[in-house]
Amino acid sequence: MTALTLGLPSKGRLQADTIGWFAARGIDIARTGDARQYAARARGIDGLEVVMLSAGEIPRELASGRIHLGVTGEDLIRERAPGWQDRIVLAAGLGFGHADLIVAVPAFWVDVETMADLDEVAEAFRARHGHGLRIATKYHNLTRAFFQSKGVADYRLADSQGATEAGPKNQSCEAIVDITSSGGTLRANHLKPLADGLILQSQATLCLSRAAEWGDGERAALARLAERLGVALTL
Amino acid sequence: MNAVRQGEDHAAIESALATLAALFAAAGYAPVTTAHLFEAETLIDLYGEDIRGRAFLFPGASSAGGGGDLCLRPDFTVPVVRAHGANGWDRAARYAYQGPVFRRQDPGSTRPMEYLQAGIENLGAADPAEAEAQVFTLIQEGLEALDAGPVAVMTGDLGIAFALLDALAMPARRRHRLRRHFWRPRRFHQLIEEFVAGPAAPTALRARLIAAANGPDAPGAIAAIASEAGDPIGLREIDEIAARAVALAEAAADPAMPAEQAGLIETALSVTGPAGNALARLRALTAEGSVDITPALDRFEARLAALERAGVDAAALPFDAAFGRNLEYYEGFVFEITAEHRPDLPPLAGGGRYDAMTRRLGADRAVPAVGAMIRPEAVLAARKLPAAGNQ
């Protein structure tokens, strides 16, 4: 029988919450073989194959159509799958993995409360320091698009793959764009979010790949899955 | 984008480049070449914001000894004009270049990130109108020599808007902000609306900051608010924050922009049509508004006359007063030529006047500078039938 391929996060809290979410809907997902293997089995529904992937790989696998469905953060879809709208459907937010992608600046910048303020200080900063404001982030695409939508152009992205929030203190950047699930990390690093600097409210999301093979068998399996999960799964 | 160009495609692009090289050389433009890679720190900030945002930067460990970022050449003008200036700005020169440039495109865009430019720079010419007409007609000749087919021309003159902003009575700070945001039309429009409506109700923090800036011992009072908010971290220092707070306090006291002034700016920027009519309309608008930008409009008129002398039906050239607001390089005459039946293609050619940039590149005054370039790959694509075309 035709099977759908479902990509799930391979580790951590996101994996545990995802498995719990499916279990609550009568689908038990268990790893097959030893724990280092990235194969898993779904019990409680026919025609569903599960592969474990890193959450960061899932956007690409969805975009290329190698998996029919996948669970990952909405932020990762929007950041890592350029032009995703044509190829990926954000079908259902799963209610966990909440994280806000925000723009934050040093809290003692009391003259900067909005994106427009950030833009206004960029010019004087450039004159004083010889370079533009550096915005550290790993979310390059989302940051560019958001800054453009706010009419802010006088900045430079600085790549940061970890401990981004320490950047301003270390003088490797002036401001950051990063995920925050609470304000605690920001406060601990003497940062504050900008009032209109919320780029995205992300959560774990069940996604469909439009690029995958969708024959009659796959569509029938998708309809069964949608009924079991109680969510609309529309290509 | 094809990774390898071969056979007929290779021959066609080589032939197009050779044709343009010969044409530009015959017009007195000396061929120059530039490096593909340069150290980002020294050059990248010289670019306007759009190109700067699209430049490919990556960590260096360069052979020159610097450890800073390297940048893939996003255009030729900055390196060519900078090299010219290194040997003295007080001389006229004409340069021709060709080769690939590299620009990041938006996610999902089909625009190429690497493409060829073949262009010219005309520096230090005594007569601006003649230089502009010469550059424009030489680019037109180039497109004809490549058999580009039917094209659409658009022209503009950024000098008119800048002259208008300079001539209108307004606080210097407001003029500066409008000039700075001129390149982002939506933000510019928002700013004008804010200036007319008067200051919005400040946040509690902003109100405190302004009160501190207006009170006795402003630096101390502002520093107290800042240190209460958080530890001083990063490169930006407390005196920079205090300076901005003072500027905010001053701006809050500025009078609202008269509605007639806002109307004149927006109306002048919306003038479109054949260049001859547009010139007459701009003369009438500014006369009605009692604002004198005669020198800028005279330059526009002189350019049209020079173009007529060069055989162009200049009065009929399509003109849009807002054209070029995405091209931060330029400050005067600006033009773009597209394939008439191929809106899917990037512009085939474009250019304009960029005197002010020479100062950023090290000149002690704005040196007359006009340049333009052709995109041979786009031209070759335009020659193909629409259905078969690709880029």
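Which are the buried residues of α16(B)? First, some housekeeping: this is a predicted model, where local features need pLDDT of at least 70, side-chain atom pairs count only at pLDDT 80 or more, and totals for chains, interfaces and linings use all residues. Residues are numbered from 1 along each chain as its sequence is written, with chains lettered from A and ligands numbered from 1 in the order in which they are written.

Now select 376-383 of chain B, helix α16 (helices are DSSP runs of H or I, at least four residues, and strands are runs of E, at least two, numbered from the N terminus). Seven of its eight residues are buried, that is, 20 or more other C-beta atoms, placed from the backbone, lie within 10 Å of their own. They are P376(B), E377(B), A378(B), V379(B), L380(B), A381(B) and A382(B). Show their packing partners next: α1, β6, α5, β10 and β12 of chain B.

Then click I374(B), which touches L20(B), I139(B), L348(B) and V379(B), among others (contact: C-beta atoms, placed from the backbone, within 7 Å).

I374(B) is also among the residues with the most contacts inside the largest nonpolar core, which has 90 residues. Such a core is a set of buried Ala, Val, Leu, Ile, Met, Phe, Trp, Tyr and Cys residues joined through C-beta atoms within 7 Å. Its largest share, seven residues, comes from α5 of chain B.

Last stop, the chain boundary: 27 residues of chain A contact 29 of chain B. On the chain A side, α4(A) gives the most, six residues.

Key:
A residue is buried if 20 or more other C-beta atoms lie within 10 Å of its own, exposed if 12 or fewer, and partly exposed in between; C-beta atoms are placed from the backbone. Two residues are in contact if their C-beta atoms, placed from the backbone, lie within 7 Å. Lists of a residue's contacts leave out its neighbours within four places in sequence.
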